[in-house]
Each structure stands twice: as structure tokens, then as C-alpha cells.
Amino acid sequence: MSNEAWETLSNQAVGFCGILYFLALVAHLWQWASLRKVPVAAAPRVAVGAGVGRSPRRTADAWTEAEVADAAGEDTRRRVAMGERLGIMLTVLAAAAHFVALLGRGLAAEPARVPWGNMYEFTLSGSFFVTLTYLVLLKKFKLGWLGPIVTGFVVTVLMVDVIWLYQPVAPLTEALNSYWLVIHVVSAVIATAAFTLGGFTSMLFLLKERAERRAKVAVPAGDVDAAAGPEAEAPVVRGYLARVPDLVGLDRLTYRLHAFAFPVWTFAVLITGPIWAHEAWSRYWNWDPKEVWAFITWVVYAAYLHARATAGFKGRNAAILALIGLATLWFNFIGINFFSTSSMHSYA
């Protein structure tokens, strides 16, 4: 195939994967909408202490989708299961088309190269790794509830990428033509993907905590049956937030994602990045704006993990600090590239 044919294939694959991501988003939304009329309290759980003549009370555990669907009937169970399978299947197909787009982009250059010579290609690669990380962790951490957020995020990023960032294929500049750049960028985008997922779970933690706090205020204390025990006092949260893990589970998952991403980010920023900089500009550290903000991001996430490990820093404050880290990460990716004219990074 000619270089022009590879570029055309890449462009078509981007459009195709965007359609598939959108359909996956619709499938996930249909999945959750199928439960919109099912009250959370209908799930077959009864708190300890609820006896004869007493109303069943909700326990402190989060309702699972399966439990709510079980209370909703056979038709709802089928719709929910079909929506989940369809959403995941479409996401997998979209990721495959996404990979073809990256492959075609690299093979369209002369000579063939890695697909991150400009912001369009770098954004295309970063969004692919977000999807890939989600799919890899999907079964282990049961992340099906994260499907609509991931697919919605990737669809939005691809739209911005195609409309405002697209550039024709061109050879790599001399500074980017290094195998150390390959190692540096791969590790950086893997860490960025995990940090992004951790940011999603942090936002969900804050939203669910707020919803539970408002639900607790809305229920007068006298309405809670004292004989049902303290578990009966757990607030009832409805809608999408009722299907995500409880606050403890969200906090633990957020920590695991950051604990994985931080060493990878350290390797990218403090090891492979300086080595590449020395090879490109004969200096390990140039105080380039992108280098400085990458180090700021490293400091924020180091503070997050250190506080979690030494001071029991959990819950709301930890989620806020994680989102501050995500803000510095994405400013490093977006803000520096668009607002700084002094950055020596060629893809800026």
C-alpha cells in the first residue's frame, strides 16, 4: 500500500472507531436506563434487626446491578445483560479500529515511524491507551459501571482531535527520531491512562459522597427504625450513582490505580525523559515548561500516595488531591502545547 492509502485508511479507521465508541456509549446508557424505574430499596436485602412486622431496611453495602435487576423481573434482567454485553463488545471493536488508525498513521509516513509526531497523533494515542487500560482492568476490578464515562470521554476527545487538531502525515523531526522517545512516550501514556481512570473514580467518589450526604439530610432521624440497627441508617442513593461501588470501594480502587500509575510516570518523567532530552539537546534537564509541569504532576501524585501511606489520608480530601494531580497532568498535556511558545518538545 502507498503512503497515501495508509493515511486514508487511518482517517477512515478514526471515523469508524468514533462511531463504534458512540454506539457503545448508547448501549451503556440503555443498560442503565433499563433500571431507572427500579427503586434501589427493591433489592432483596434486609438489615439485621428487621423482624416480623418491621419494614425491610437498606444495608450499608452498595446495591449491585444484579440485585436490582433481580428485583425488577426477567425482562429487565435481559435488557441489562444485553446492554452490558453489547457495550463491552462495541468498545472492544472500537479499540481494534482505534489501533488500526494508529498503525495506519505510522505506516503512512516515509519512512514508517511511531504515531506521535504531532498533537493529533499524540491525542489519538492517549485516548487509545485510556480505552485499552479500561478493557484490561475491566474483568479484574469489575469496571462495567465505568463504561459510559470511558466511552463518552473517548468520543469527546476524538471529536476534538479530528475537528481542531488534525494535521497531515509528515516525517518526524530530528528531536523526535529516537528510540528513547518511544520508551518515554509509551510509559507516559500508560501512566496518563491510569491517572485518568483514577480521576474518573475520584469524581464519582465526590459525587456519590455528596448524594449520600444529601439523602441522609432528606430523611428525618425519626423515620429510621432504631430496632433495625445502625445499618438501616445508610442513605439511599438512586440512579447511576447507586450502581457504582460504595465509597470505601471507590476510594480503594482510586488508590490502586494511582499506585500503579505513579511508578510508571516516575520512569517516564525522571528516567527516560531526561535520557531522551540529553540525546536530543545534550542536556538532561532544560527547564522546559513541559518538563517543569511533568515534575509538578509527579510531586502532587507523590504527595497523594505519601499521605495515603503514612497519614491514612483517605476519602474526600484524597479524592480532591487526586483531581488536582489530574488537572496538572492535563494542563501539561493541553495547556503547555497550546499556550507556551518556548517549549522545545516538537509535538508542541
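User: How many salt bridges does the structure hold?

Analyst: This is a predicted model. The structure holds five salt bridges.

User: What makes Arg213 and Glu209 a salt bridge?

Analyst: Their side chains meet at 3.8 Å, N to O. The cut-off is within 4 Å, so the pair counts. Arg213 and Glu209 are four residues apart in helix 6, which means about one helical turn separates them.

User: Why is Glu209 called buried?

Analyst: Its relative accessibility is 19%. Buried means under 20%, so Glu209 counts as buried.

User: Is Arg213 buried, exposed or partly exposed, and how do you know?

Analyst: Arg213 has a relative accessible area of 43%. Exposed needs over 50% and buried needs under 20%, so Arg213 is partly exposed.

User: How do you know that Arg308 and Asp251 form a salt bridge?

Analyst: Their closest N and O atoms are 3.3 Å apart. Arg308 lies in helix 8 and Asp251 in helix 7, so the pair ties together parts 57 residues apart in sequence. Arg308 has 11% relative accessibility and counts as buried. Asp251, at 11%, counts as buried too.

User: Which residues are linked in a network of salt bridges?

Analyst: Arg105, Arg113 and Glu121 are linked that way. Within it, Glu121 and Arg113 meet at 2.8 Å, N to O. Both Glu121 and Arg113 are buried.

User: Why is Ile183 called partly exposed?

Analyst: Ile183 has a relative accessible area of 33%. That falls between 20% and 50%, so the label is partly exposed.

How values were computed
Residues are numbered from 1 along each chain as its sequence is written. This is a predicted model: local features need pLDDT of at least 70, side-chain atom pairs count only at pLDDT 80 or more; totals for chains, interfaces and linings use all residues. Side-chain values use heavy atoms; hydrogens and water are left out. Buried means under 20% relative accessible area, exposed over 50%, partly exposed in between (1.4 Å probe, protein chains only). Helices (H or I, at least four residues) and strands (E, at least two) are DSSP runs, numbered from the N terminus.
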